[in-house]
Amino acid sequence: MAVSRRNILLAAGAAVVGVMTYTGFTAKPEAIVVSILQRRLGYLKVADDTFQKFAAEYILYKQKDAKRLQMLALIARPLRVVTPYSVLPQGHALRRLENDVVGRFLLATDFFQNGADEQRRLQYIGFFDPLERPCSNPVMRFANMESAS
């Protein structure tokens, strides 16, 4: 059998389909959440397992979207490096997902409570659910809080 360009392309296509199928069966939906957090907030100082812990709680919170998140887990590895976020239109599902993940993660930590200091090590407080902690406003500052510290 001669090695032709067609055979090489067929073999490469079969390999890509095989990898995608294997990844599809083994991918966990938490992978897409961790990828988003590593790319967008990787510069922040957090404990090693914080992103994983948040991702597990996020998937529990978004149970109805678990199938979609598992499908997105197929592209989790490339999404750690590059994202189409900047070229997607406002309101696109992937943009909303990234904004939701990043926003909820920051609200689940003490990031805003300590003045959004990026040099400080973040402490994971707990998953932010506005239905469970509706009165929490980490951005609000009292005048006497500034003088006390």
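The following legends describe close-up views of a predicted model of one protein chain. Local features are given for pLDDT of at least 70 and side-chain atom pairs for pLDDT 80 or more, while totals for chains, interfaces and linings use all residues. Residues are numbered from 1 along each chain as its sequence is written, and side-chain values use heavy atoms, with hydrogens and water left out.

**View 1. The protein chain has seven helices and zero strands.** Helices (H or I, at least four residues) and strands (E, at least two) are DSSP runs, numbered from the N terminus. Of the 149 residues, 30% count as buried, a term that means under 20% relative accessible area, with exposed over 50% and partly exposed in between (1.4 Å probe, protein chains only). Among contacts (heavy atoms within 4.5 Å) between residues at least 6 apart in sequence, 67% join residues at least 24 apart.

**View 2. F54 and F105 form an edge-to-face aromatic pair.** Rings of Phe, Tyr and Trp (its six-membered ring) pair if their centres lie within 6.5 Å; planes under 30 degrees apart count as stacked, over 60 as edge-to-face and the rest as tilted. Here the ring centres are 5.3 Å apart, with 85° between the planes. F54 lies in helix α3 (residues 50–61) and F105 in helix α6 (residues 93–107), so the pair ties together parts 51 residues apart in sequence. F54 is buried, at a relative accessible area of 0%, and F105 is buried with a value of 0%. Ring pairs also link F51, F54, Y58, Y61, F105, Y124 and F127 into a cluster.

**View 3. R39, R40 and E98 are linked in a network of salt bridges.** A salt bridge is a side-chain nitrogen of Lys or Arg within 4 Å of a carboxyl oxygen of Asp or Glu. Between R39 and E98, the closest N and O atoms are 2.8 Å apart. R39 belongs to helix α2 (residues 30–41) and E98 to helix α6, 59 residues apart. E98 also meets R40 in a salt bridge, at 2.9 Å from N to O. E98 is buried, with a relative accessible area of 0%, whereas R40 is partly exposed at 26%.

**View 4. The charged end of R95 sits over the ring of Y85.** A charge sits over a ring if NZ of Lys or CZ of Arg is within 6 Å of the ring centre and within 35 degrees of the ring normal. R95 is 4.2 Å from the centre of the Y85 ring. R40 lies over the face of Y85 as well, at 4.9 Å from the ring centre.
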